[in-house]
Amino acid sequence: MSSLGRIADSVVAYNQFVTGEVARARANKKYAGELRARWAKIRQSVEWTQSPTGTKLPRLALPDTDEPGAIAAYLFGQGLPGEFPYATAAYREMYLERDGGETPGEEPMRLFAGLGLAEDTNARFKYLSRNQKSLRLSTAFDGPTLYGLDSDHEGVLGKVGEGGVAIDTVEDMLRLFAGFDLTRPDASVSMTMNAPAPAILAMFIAAAKRRFGPGCLKQLRGTIQADILKEVQAQNEVIFPVDASLRFLCDMIEWCVPNLPKWYPVSISGYHIAEAGATPVQQAAFTLANGFTYVELLRQRGADVNRFGPRLSFFLDCGLDVEYLVLGRVCRRLWAIGLRDVFGADAKAQILKLHTQTSGRSLIAAEFQNNLTRTATELMLAYLNYTNSCHSNSADEPFTTPTEKYALLASHAQSILLEESGLFKHTMNLFGGAPGLLALERQVEQGILDVFREMDTLGGVIPAMEQRYQRSKIQEAGHAYEQQIYSGRRPVIGLNRYVTDEPLPHVPLARTAPRRQRLQVERLTAFKKKHAKKAPAALQRLENVVRGKGNVFDELLNTVEVCSLGQITACLTGVVGKFRPMV
Amino acid sequence: MNRIFPPDARNAPAAVTAIFIPLGDRSPVAGLVPGARFHPMAAPPLRLLTAVPLCDGHDSAITTINLELARHGIEVIYLGYHQSVAAIVRAAIQEDVNAVGLSSYNGGHLIFFREVVRRLRAGGGGDIPVFGGGGGTITPADARVMQRDGVDRIFFAGTSLDRIMAEIKTRYARPAKPARKLKGDRALARAITIAETATFTGDTPRSSGGAKPRAQVVGVAGPGGAGKSTLIDELTSRFLQKIPRGRIALLANDPSHPGTGGAILGDRVSAIYAQDDRVFFRSLATRGSLTGLSAAAPAAIEILRNSGKFDLIFVESVGVGQESDPFNVFHGRKLVDTVLYVLPPHYGGRIQLQKIALLNGADLVVLNKCDDPRAHAAKAEIQTRLDQNQRGQRLHATTAATHSDPGVDRLFAAIAELGGLDPARGGEKACQMEVSP
Ligand code: B12
Ligand SMILES: Nc1nc2c(ncn2[C@@H]2O[C@H](COP(=O)(O)OP(=O)(O)OP(=O)(O)O)[C@@H](O)[C@H]2O)c(=O)[nH]1
Ligand SMILES: [Mg+2]
């Protein structure tokens, strides 16, 4: 049995434990008394606040009951915010305002941005952060960078700076974050980067050290996606064979845990799985299973789950399907149970920290202004899951890298929900324990466990992947989704319902001008020329480490000083070979 | 009018289920439901090439389109995502497709499509129309520019799948005619298409004359998922590394869908070393043939052999069962010079091994997936089985999935020796860069 079978069993066992506790609470007077006393204490500890209109509100809403069975069901089945099994939330207060509205909780906003050359994205970061409370810089890279190619690679010029920022060298990385104090406590940098993640993170660190000195490592806070399993399954940015990719990843994680203590070196992502077509249940099941696989791999290398566990983070999609009302909640619960009961992790390592992005695929070209409403609805669902961070898509998503206007609207959508509306700032746990949520949670959880068991019979995540299991499921579901749209089974306003004859308005596009693309190539050429003497030796050292047993990430920190991303990729594929893609 | 969604979006096509054949389920007669009948058709299926451009991994649209095309009886040769202009053009020419469909999302489509059209023209495939889509990222204004540059058709966001299928079927259905004008790989590819059509319509494929050239033809058989395609690709890389000149041809047979007659021929996706002008790769759908090869395969082999262009030709059969004999080892004229039989370690046991007829007839027997713990015991068992044949057959152990596996090196050396390929001298046939403009 792969660990997925044991995890499914542990969840069933945990649910039986909860049922048992409920029965005991009802049958055993002494236990009932203890629970009531505990419940009373919890209630007493709840602080009160006041809405602007003068209504007194508890900062934590709890089920209105005194019945011991119901108390047990809530405390063990759902958990208080910040308590096992974390269905309600990872932390106690989440978005609640503090000090009478002076300070927010952790600001979840992370707006994914990237376009053109480094300074174009830098300007976009400045534009966005002017309109946000904290410094949250989330980076989108262009196609060549995502595939580890330099901007001068044959045939890629037209894609340079499209859909994200072009980064070839450590110098581009310096330009990207110029002017931002990344050591500020409220600063956080995310990078959507996968196969070349180790080289890109190494460039980031090298650039940060140049600006803030070597001491900055303890202060740098952020996330790099680096989730290669979902790349094989859904996003298709794999460069090296899977075993080599996993080694590079694990080397990076092992380096980051002690050296970059505030950094999340992997973001285990379901977003791409869902956007490629998977159902919400498949998304959750494949993503959690990938996460458990990383835990196993790291443990096999001798790493301690209590040290690396807290540095794993997650990323889910949030669309309009009803399952999204509970997806984050269910995932947190299953992760906590699996980590505690199968991997023996302690409390800090049990918590699933969640980033959410609203669904890009739910946004369509026809009547595209409706996309504002779709995104706002999805945001609401994401917050009801108490996501730790969140990206909201722009209404012009189907056409282009977001233009300023729509990116700002997307940013403000989050601010309106969190800051302007009273929904999330006064009272924590709006709906937890409600009948609808409970019913959905049960069904979604069951669906996820069924997928775990199916993958278990195939031998676990990696063997299933080699058999194309995840890819075929995702493709089937993606096909069904499109068929549902065009058969009218899945209503899409403006596309298959309430269609008007309005012509498509002219939508401004954010595209990179050819002369900018050539400028990027010129910069790269200058960098290569400058380091032409040192690069070969640096690449040779990298090759030696890869052939040996050393930590590849450790060496990359040196390599990036004199080598470009494309040079590094070519060196690595020369040693470990290329990934053989699947349909 | 910039209406980007069609008015027919509301029309409901009948619900269908996706066609999917997981790798593991592809045996013994790959993908064919026992008893399934092929619908006789008036015309041979359309053959289309589909792909996603370089630095782009958005494959959800194209995989949906592929499934729909196959459901509509079309043969799709899918090249995969992150594909260069050169790879797309090479594949279009070698596969002699009716048209090329591209799905582009990561921008740069104006340049990319234009380059595909330009290089197709330069490489002797100017008659192959190029069409595609990319949701909202390709605007109507872009499409006008692209059309001016020679792109045939762009399908905008919101176009219903039924409408796309109907249009493709009417726009790109054209019978393949023998064409004297065609040159190089395209001429070769067209000859194979004509042979396929002849088989389809019941005519006997043109038999080829000419002197017997010395290309070595290796037929590769084995159960579904044994690693045949992976192994052939690794052997291709050895050919490219070790034989400095000369060309190699690959003929990949894959099952058609029994119900619709369509097919998704995906072997090119995983053939990472076939992306080289020294490689000629052709996919053949079985079109109802149950022998493990397309009925046109014998003719295609002759065409490739007699072209005099190749030193080495690999023919991959679909996954075969215990009694299959795709290359006529036991009956009739042997179709290939060398039969290579690939087994995975999980073949069952001694009894199953006894029943595999091709273990008697194969010239080379390979145990692949030697990274599997069961391989050790399997090696001894298979060698014992081969010793019974008293033909001096030696078992090759490979792990094709590993980069630079020494077992594959040895296997390649054995093949090269059988075929008289001299690594030092290079292949006999001059390398002909037919495609690159
Ligand atoms: C799904 C999606 C993803 C998924 C892709 C999963 C997968 N395996 O396919 C994920 C989440 C992984 C993803 C990642 C990225 N994405 Co994306 N993605 C989308 C999204 C939301 C939908 C595209 C889609 O598949 N639609 C479903 C298809 C079936 O419908 P359709 O697009 O309307 O197409 C219709 C027709 O055009 C036609 N059609 C399409 N292709 C073809 C081909 C042929 C031959 C035919 C006949 C018809 C046809 O069929 C459809 C039915 O009518 C779009 C935005 C949007 N809402 O459109 C962004 C979008 C395409 N992505 C974008 C970007 C930038 C990226 C990233 C580069 C982000 C980054 N920096 O990391 C990465 C790159 C990933 C990679 N490896 O290349 C940008 C591109 C911007 C640009 N060109 O300027 C978009 C527009 C979003 C945005 N505004 O930023 N993405
Ligand atoms: N572990 C392991 N897997 C391998 C090896 N060789 C191939 N595979 C995997 O086995 C699966 C099937 O490989 P293919 O090369 O497609 O097999 P095939 O025999 O061509 O399959 P069909 O054409 O479908 O019959 C793929 O997932 C390969 O990655 C190997 O040496 N070891
Ligand atoms: Mg095969």
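Of the area that chain A buries against chain B, 19% is supplied by Lys159(A), Tyr486(A) and Arg580(A), more than by any other three residues. The structure is a predicted model, in which local features need pLDDT of at least 70 and side-chain atom pairs count only at pLDDT 80 or more, while totals for chains, interfaces and linings use all residues. Residues are numbered from 1 along each chain as its sequence is written, chains are lettered from A and ligands numbered from 1 in the order in which they are written, and side-chain values use heavy atoms, with hydrogens and water left out.

The contact (heavy atoms within 4.5 Å) takes 55 residues from chain A and 58 residues from chain B. Five salt bridges are found across the interface, a salt bridge being a side-chain nitrogen of Lys or Arg within 4 Å of a carboxyl oxygen of Asp or Glu. One of them joins Arg119(B) to Glu154(A), with the closest N and O atoms 3.9 Å apart. Between chain A and chain B, 16 residue pairs are in polar contact, both residues being at pLDDT 80 or more. A polar contact is a pair of N or O atoms within 3.5 Å; within protein, one must be able to donate a hydrogen and the other to accept it, and residues adjacent in sequence count only if both atoms are side-chain atoms.

On the side of chain A that touches chain B, the elements giving two or more residues are α5 (143-146), α8 (228-235), α19 (469-487) and α23 (565-576) of chain A. Helices (H or I, at least four residues) and strands (E, at least two) are DSSP runs, numbered from the N terminus. The largest share of this side, eleven residues, comes from α19(A). By class, the side comprises 23 nonpolar, 18 polar and 14 charged residues, where Ala, Val, Leu, Ile, Met, Phe, Trp, Tyr, Cys and Pro count as nonpolar, Asp, Glu, Lys and Arg as charged, and the others, Gly among them, as polar.

Ligand 1 lies between chains A and B. Of the 50 residues around ligand 1, Glu397(A), Thr400(A), His58(B), Tyr105(B) and Thr159(B) come nearest; a residue is counted if one of its heavy atoms lies within 4 Å. Backbone N or O atoms of Gly360(A) and of Leu363(A) each lie 3.0 Å from a nitrogen atom of the ligand, and a backbone N or O atom of Ser60(B) lies 2.8 Å from an oxygen atom of ligand 1. Elements that give two or more residues to the shell are α8, α10 (271-275) and α19 of chain A, together with α1 (60-71), β3 (99-103) and β4 (130-133) of chain B. With four residues, α1(B) gives the most. The shell has 21 nonpolar, 22 polar and seven charged residues.

The cobalt atom of ligand 1 has a single donor from the protein, NE2 of His58(B), 2.2 Å away. Donors are N, O and S atoms within 2.8 Å of the metal (3.2 Å for Na, K and Ca); water is not among the atoms, so sites may look incomplete. His58(B) is found in the loop between β1 (47-53) and α1 of chain B.

Over all chains the structure holds 67 salt bridges. In one, the side chains of Arg516(A) and Glu119(A) meet at 3.4 Å, N to O. Arg516(A) lies in helix α20 (residues 514-530) and Glu119(A) in helix α4 (residues 118-130) of chain A, so the pair ties together parts that are 397 residues apart in sequence.

Conventions
Buried area = accessible area lost by both parts, 1.4 Å probe.
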